[in-house]
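Student: Could you show me how to read a new structure, one feature at a time? I would like the general idea and then the case at hand.

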Amino acid sequence: MNGRVGVPVRVRRVSSELRELRLRSGLGAEEVAGALGFSMSKLSRIENGQRGLQADDVAALLGLYRVPAQRREELLALVRSGAVPNWWQVQDGRLPAMWSDVIRFEKEALAIRNYETMFVPGLLQTSEYVGAMGRGTQPDIGVDELDSLVSARLGRQALLSREDAPEFEVLIEQIALERPVGGADIMYRQLRHLMDSAERDNITLRVLPTSLGAHPGMEGPFVLLEFASHPTLVYLEHRGNSAFVETAEHVATTTLTLQWLRDIALSPEDSIGLVAAIAQGLT
């Protein structure tokens, strides 16, 4: 874990969207700075999340970019509450509450460290597995909604193929690999995809065997997001409700749990061997 004390997560989130809004508007940085009387360095700090945000500055930028009133108020509310640590939202729809925010922070991260207990991590799921998970966990989902869910989840995975792809460390419970989501054929192809993905230099897979019994990970899954210029974030998700946790004590505790799990998990080589054995049992 890094020890930086940085800009609060809500403010970083707004900074990221302000940068995206400028790019979508077609305006250059110099044009925006000139129109609003900002220096180039001020605009850069605002967009890069390297400073706190003032509501008046953000309102001026949102007006220049012609952001709709409702979205403008949502972003300004985040700025005004930026000093409050941690950030939690309740699900409204089929995707997790902070879906777009997760994607933004994943794109900015140098390393993503994901511990999962019940299913294959989203960044390594196949389209068949995503579809089977959607049908299984949301029995009332419609065909169009399911297609949108699959597309949204697969769209995240492009970041692992970038030239500057983040390090992706996965720790997963054996039971999640043995649950035949969608049936044996779909699960077999999912396990093969896991094995193929683990051959990439930026991806490490470790399995926690069921024989371990009780261990620190049983308190629940988590994601650690590590950045070049900002403190580490913890992302938590439960039944679609989501939270980014940034307080130093919680980040430190989660980082320690990650280390404990590494210590008791199978090695990457043995993990691949176990995945292969489970896959073989499905044929």
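Tutor: Let's start with a term: two strands pair if DSSP finds at least two bridges between them. Please keep in mind that this is a predicted model. Here, a hairpin of six residues joins E5 to E6. Three bridges link E5 (residues 222-226) with strand E6 (residues 233-238), and the two run antiparallel. Leu 225 has Leu 233 as its bridge partner in E6.

Student: Which other strand is joined to E5, and by how many bridges?

Tutor: That is strand E2 (residues 111-116), joined to E5 by five bridges, again in an antiparallel arrangement. To find this pairing on screen, look for Asn 114, which stands opposite Val 223 in E5.

Student: Which way do the side chains of E5 point?

Tutor: The general idea is that side chains in a regular strand alternate between the two faces of the sheet. In E5, Phe 222, Leu 224 and Glu 226 point one way, while Val 223 and Leu 225 point the other way. Both groups are buried. Because five of the five residues of E5 are buried, the strand is largely enclosed by the rest of the structure.

Student: How many residues does the largest nonpolar core have, and which of them have the most contacts inside it?

Tutor: In soluble globular proteins, nonpolar side chains tend to be buried together. The largest nonpolar core here has 58 residues, and Leu 177, Leu 225 and Phe 244 have the most contacts inside it. Helix H1 gives the most to this core, with five residues. There is also a second, separate core of eleven residues, including Leu 224, Leu 258, Leu 261 and Ala 265.

Student: What does Phe 244 touch?

Tutor: Leaving aside residues up to four places away in sequence, its contacts include Val 9, Trp 87, Met 98, Val 102 and Phe 105. Phe 244 also touches Leu 225, Leu 233, Val 234 and Tyr 235. Asn 86 and Asp 101 are among its contacts too.

Student: Now for charges. How many salt bridges does the structure hold?

Tutor: Side chains of opposite charge can pair when their charged atoms come close. The structure holds 18 salt bridges. One of them pairs Glu 17 with Arg 13, with the closest N and O atoms 2.7 Å apart.

Student: Where do Glu 17 and Arg 13 lie?

Tutor: An α-helix has 3.6 residues a turn, so residues three or four places apart point the same way. Both Glu 17 and Arg 13 lie in helix H1 (residues 9-25), four residues apart, or about one turn of the helix. Arg 13 is buried, as is Glu 17.

Student: Which arginine of another helix also meets Glu 17?

Tutor: Arg 71 does, in a salt bridge of 2.7 Å from N to O. Arg 71 lies in helix H5 (residues 69-80) and Glu 17 in helix H1, so this pair ties together parts that are 54 residues apart in sequence.

Student: What does Arg 104 pair with?

Tutor: Arg 104 and Glu 20 meet in a salt bridge (2.7 Å, N to O). Because Arg 104 is in helix H6 (residues 99-108) and Glu 20 in helix H1, the pair ties together parts that are 84 residues apart in sequence. Arg 104 is buried, with a relative accessible area of 11%, and Glu 20 is partly exposed at 26%. Through shared partners, salt bridges join Arg 13, Glu 17, Glu 20, Arg 24, Arg 71, Glu 74, Asp 101 and Arg 104 into one network.

Student: Finally, how many helices and strands does the protein chain have?

Tutor: The chain has twelve helices and seven strands. Of its 283 residues, 47% count as buried. A compact globule with 283 residues would have a radius of gyration near 19 Å, and the chain's 21 Å agrees with that. Its C-alpha trace spans about 65 × 45 × 35 Å along the principal axes.

How values were computed: Residues are numbered from 1 along each chain as its sequence is written. This is a predicted model: local features need pLDDT of at least 70, side-chain atom pairs count only at pLDDT 80 or more; totals for chains, interfaces and linings use all residues. Side-chain values use heavy atoms; hydrogens and water are left out. A salt bridge is a side-chain nitrogen of Lys or Arg within 4 Å of a carboxyl oxygen of Asp or Glu. Buried means under 20% relative accessible area, exposed over 50%, partly exposed in between (1.4 Å probe, protein chains only). A nonpolar core is a set of buried Ala, Val, Leu, Ile, Met, Phe, Trp, Tyr and Cys residues joined through side-chain atoms within 4.5 Å. Contact means heavy atoms within 4.5 Å. The radius of gyration is taken over C-alpha atoms; the globule rule is 2.2 Å times the number of residues to the power 0.38.
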